[in-house]
Structures are given as C-alpha cells and as structure tokens.
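Work through the exercises below with the sequence and the structure open. Try each task before reading its solution.

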Amino acid sequence: MSKKIAPKIYVLLVLGLLLGSCGVSKSLKDLPNISQYEANVTERQQLTDSTYLLGTNFLTKNQQGLYELYVSGNPYELGLKTGNLTQELFQEQERVFIEKIDDLVPKKGKQKLLRKFLAWFNRKMYKHVDEQYKSEIYGISQYASKDYNRIAAPYPRVMYFHGAHDIGHALQDLALVGCSSFAAWGDHTADGKLLIGRNFDFYAGDDFAKNKIIAFVAPDEGHKFMSVTWAGMVGVVSGMNDQGLTVTINAGKSKFPLVAKTPISLVTREILQYASTIEEAITIARKREVFVSESIFVGSAKDKKAALIEVSPHKFGVYEVENGNQLVCSNHFQSEAYADDKKNRKHIFESHSQYRYERMEELLDEAPKVTPELAVDILRNKNGLDNKRIGYGNEMALNQMLAHHGIVFQPEDLMVWVSSNPYQLGEFVAYDLNEVFKNANQNPGAKPISLSDKNIAPDPFLRTLAYRHYERYRDLNREITAAIASEEKIEPAILSEFVAINPDFWEVHFLVGQYHYQNKNYQEALKAFETARSKEITTVPDTEVLNKYIKKTKRKLK
C-alpha cells in the first residue's frame, strides 16, 4: 500500500532538493576546482538515431533497449563526456521530475517554504562530497537543460539530485526501496565460483526506469568499472570493477536526517573505483559520513566470498557468514552492531524484509548448485513462502513487478548479466568486462559489446495472459485509487474486473473495500475487507489499517 504513494512523495522531495539548491548555490565555496584537469572534449558524432561517438567514447542503444555508455578520462572529462553523450536522456530525466512541480506543489507559497527548508537541509553536503565527484558532477551539469535554470543553476541541481535518492530511503513509513540480494560460492554454485544476484526494487514511476544506462567507465585513477545507472547519476547502485569487486545497496530503516552528508551512491562509487577486496571496501566506507542507513553488499573475486557493510549516521557494522558459503540480504541489518537497535528490530517485525529474506533462503535451498540462469529464476520468482500465490505486485515477493533492474554478477570471470524491460522480466544481457575494456577503443559504437550467445532468455511469463492481466491491473489500480481520492464513481464492472485479474493480492480487495466504504455500501465493503484479511498482507501497519476499516465498517452496519 505504501509503495503506491511513495513515487509522488519521492518526486516531491527530488524537486524540493532541486528547489532547495537555489539557496546554497549563491556561494562559490561548494564549486569544484576544475582548473587542475585538462579536458579535451570534441563535438560528438551521430552515427544513428541512438548511437553517438565522442572520440573513442560512445553511447549506443542495444537491441534489448538498454543504453550502453563507455567513457574514459579524468573526473571533469568523465562528466563532460557523459553529459555530452547522454544529454537527451539527461534532459528527459530532468523533465520527468521537474514538470511535476505544479501537480505536487501547485501553490507558490508552499514552494517557497519547501525551498527554504531544503536549502537549509543541504547546507553542508558539499563538505562531504569528494572533489573528484564534484568535478564529474560539474562536468555533467554543463549539459543540463537550460529550461530549468529558473529553478536552480545546473551544478547544484545535479549535485542535490544525488541526495534525493537517500531522502527517499529515509522517509519513515514508506517503502520506496525493497531490494533483495544474495550470494553463493563454494559448494553452493555449479562451478564453485562466487555468484551474486540482486533486484533493485526502487520505484519512482515508470518513466524513471525507461532509459536504463549500462555505464562502462575507465577513469584515469582507480579501477575501471561498470554500473547500471540513469542519466545525470555518477553514483553507483549496482556495479562491478575490473578487479572482480561488486557493490549493490539495500536500504535500511532510517530516521529522517537533519542534515545531508555523503550520498550513499557516492560511497559505493568510491568503493568500486578504489577497492579490490572486502577489507579495502570496509576502509573506504568507514571514513565517509552518511545520512541514511544502508547495507552495502560487497562481493570479491579475490576473497572469493561476499560480505555486508552496514552503515548509518551513528553505527557501523560488518556481517560475514561463518563456516558458510551463502549470504542473503533484504532490508534489515544483520551485524552485531545492530543487534539491539530498536528501529532495526521493529523493521524486521513490521516490514516485509524478513519475509523476503526467508523466501531467498528457501529458493536457494531448492537450488543448492546455483548457476546464472538459476539466479535469474530466483530474482524473477513471484510467489511467497512455500510457493504460495500472494498476488502479482505484492512487495513480499522477490519479484515485486516494479524493479528498476535485476542483475547477476560472476566476479571471478568478470561476467555480468543485466535485465532489460519490463522490470527484470526481459532478456538478461551478458557482458564480459575483460572484453569490454580491452576492445572499447577499437571501432567504438560500431559493434555490440554484449555477448549475445550468453544472454539469458526473457521470462516466459511475458507471453502469458497473467502478464497481460497484471498490466491491466496496474492501469485499473491507478484509476480506482484516483477515484477514491477524488470521491468519484466507478462502474461496477471495473471493480469486478479489478478483482478478477489479480485475485490473490490482498490490496486489490482492500481498495475495493475502501471504495464501497466511501460510498456507504458497507455490506460490500465488509465483504471485500474480510477477503483482503484472508490473503497474505504485506506489512504489520497494513494489517492494522485493514483491521481498523473492518471495525469501522461493522459499527456502521449495526
């Protein structure tokens, strides 16, 4: 239930952060010193409608609809080249968010208050961002849309966009992120090598996930790496470097912070660029001050295992399995540092994090010798514990049918598979980092850089009536939710269809009950609510809300 309203609030905060940046951009103290870098960036050359060259750097769109980006150079050059090559995608990403200002905050007075608050909130972020990433962000910002300079200057707009991701994590009582990750190695994989799978279940609207970029970055300093990202983002949410070190992030439960510090995606970017072992990753993470709680899932080819680095504004923990070769992570902490943490323990009890954790363990037990194909099957699994049908779109499932991306790493071979749309159901495209970085400068952009013979096929579910029903369900969900909010009438046939196409999902029945309750049709409301209660309900707070409606409805019927 919470995730249905989360995108609106997420966008509001993104916009607020952008608006708030007006207040901090008046001083030059937060601008990077780009004079230390040489930047030789020529005009890009367009080969096709979706392929651009910039010297030996390029952007191209593969047949699965993923954009493949290769850039090299110093921090400022990386930013300029990325901005130049992706400028249309970048400006579209800005448009998606900023054009919602009037919808979300239509009153100028409220916009002004929001701007003042967030200018204060962001006042110290620049002190916590490394100069090299400031320079890269500054380079990208040169290609930001001029249409939005009325809101804020390009550089602070892009800088504070990185902090908005963390704000989404910190929102209490909202589940913007419900990521699931696992690793297996030794006798738990078919070849004994480390294998990592992860769903990035970060939802900020369909348009946000439309143009995914697989970025291959060759910085002048540090390790070469790849990451799954979006235009305007230099941080990392899922990635692997040429040393076989991987990073992914899983949000933990956070209090709303009082001041912005280091965005978590820039911490993981630094780890990916400069670490080759778990211990080196821990050293980097420990020296950075963050403002949200996050599990950094690190896999290492050199260590031949995975570990969790659990960071928050006040605590730091590391979790490794003892005498085992399997690691599972959802959205709660597991290290000793958080054993008595009240917020973490409450989150385990109330949220769907523990449920997904146990479901991953269950599926891994069923597939003791994991392969990349089996890892993808686990990421795509739509059922609950004991293979129970819990409805499509239920956040208790590993496949919540809203993922930005799914990804599988095989670090010892430098292999990675990235999902294509929709969600993690499309073809998983294979890349060999050895081959990509060895051949990137040869005939750039003119030939595919993926390994089509090693791709993992799309989910057969895409060809089913159930999938078409799910897409129809999403449309009807929006229609019915809007009708409830505006107190408009809905045709009975619409409500019947809504229930028929996703009958196992508790929220379907809850929304129908809400509609009937609002329209004083209490007998039908109670029937829908009771049906909802018989299903697998996502969280404890959801259960409490449902039970309150049932009590209120019964009182109305007396």
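**Exercise 1: a glutamate and its neighbour**

Glutamate 294 has a relative accessible area of 0%, so this residue is buried. The model in which this is seen is a predicted one.

Task: find the element that holds glutamate 294, and state which backbone atom its side chain reaches.

Solution. 
Step 1. Glutamate 294 belongs to strand 11.
Step 2. From there, its side chain comes to 3.3 Å from the backbone nitrogen of alanine 251.

**Exercise 2: serine 295**

Task: decide whether serine 295 is buried or exposed, and list what it is in contact with beyond four places in sequence.

Solution. 
Step 1. Serine 295 is located in strand 11.
Step 2. Its relative accessibility is 1%, and buried means under 20%, so serine 295 is buried.
Step 3. Its contacts beyond four places in sequence are Thr248, Ile249, Asn250, Ile309, Glu310, Cys329, His332 and Phe333.

**Exercise 3: the nonpolar cores**

Task: how many residues does the largest nonpolar core have, and which of them have the most contacts inside it?

Solution. 
Step 1. The largest core counts 56 residues.
Step 2. Ile271, Ile296, Val298 and Ile309 have the most contacts within this core.
Step 3. Take isoleucine 296 as an example: leaving out residues up to four places away, its partners include Ile264, Val267, Ile271, Leu308, Ile309 and Val311.
Step 4. A separate core of 35 residues lies apart from this one, and Leu495, Tyr515, Leu526 and Ala528 are among its members.

**Exercise 4: the two sides of helix 9**

Task: sort residues of helix 9 into buried and exposed, and say what covers the buried ones.

Solution. 
Step 1. Helix 9 spans residues 278-286, and its buried residues are Ile278, Ala281, Ile282, Ile284 and Ala285.
Step 2. Viewed down the helix axis, these buried residues fall within an arc of 165°, so they line one face of helix 9.
Step 3. Glu279 and Arg286 are exposed, on the face turned away from the buried side.
Step 4. The cover over the buried residues includes helix 8 (264-274) and strands 10 (245-251), 11 (294-300), 12 (305-311) and 13 (316-319).

**Exercise 5: confidence**

Task: find where pLDDT stays under 50.

Solution. 
Step 1. The chain averages a pLDDT of 88, with 86% of the residues at 70 or above.
Step 2. Residues 1-10 stay under 50.
Step 3. Residues 172-176 are below 50 as well.
Step 4. Where pLDDT is low, predicted coordinates should not be read in detail.

How values were computed
Residues are numbered from 1 along each chain as its sequence is written. This is a predicted model: local features need pLDDT of at least 70, side-chain atom pairs count only at pLDDT 80 or more; totals for chains, interfaces and linings use all residues. Side-chain values use heavy atoms; hydrogens and water are left out. pLDDT is the predictor's confidence in each residue, from 0 to 100. Contact means heavy atoms within 4.5 Å. Buried means under 20% relative accessible area, exposed over 50%, partly exposed in between (1.4 Å probe, protein chains only). Helices (H or I, at least four residues) and strands (E, at least two) are DSSP runs, numbered from the N terminus. The arc is that of the directions from the helix axis to the C-beta atoms. A polar contact is a pair of N or O atoms within 3.5 Å; within protein, one must be able to donate a hydrogen and the other to accept it, and residues adjacent in sequence count only if both atoms are side-chain atoms. A nonpolar core is a set of buried Ala, Val, Leu, Ile, Met, Phe, Trp, Tyr and Cys residues joined through side-chain atoms within 4.5 Å.
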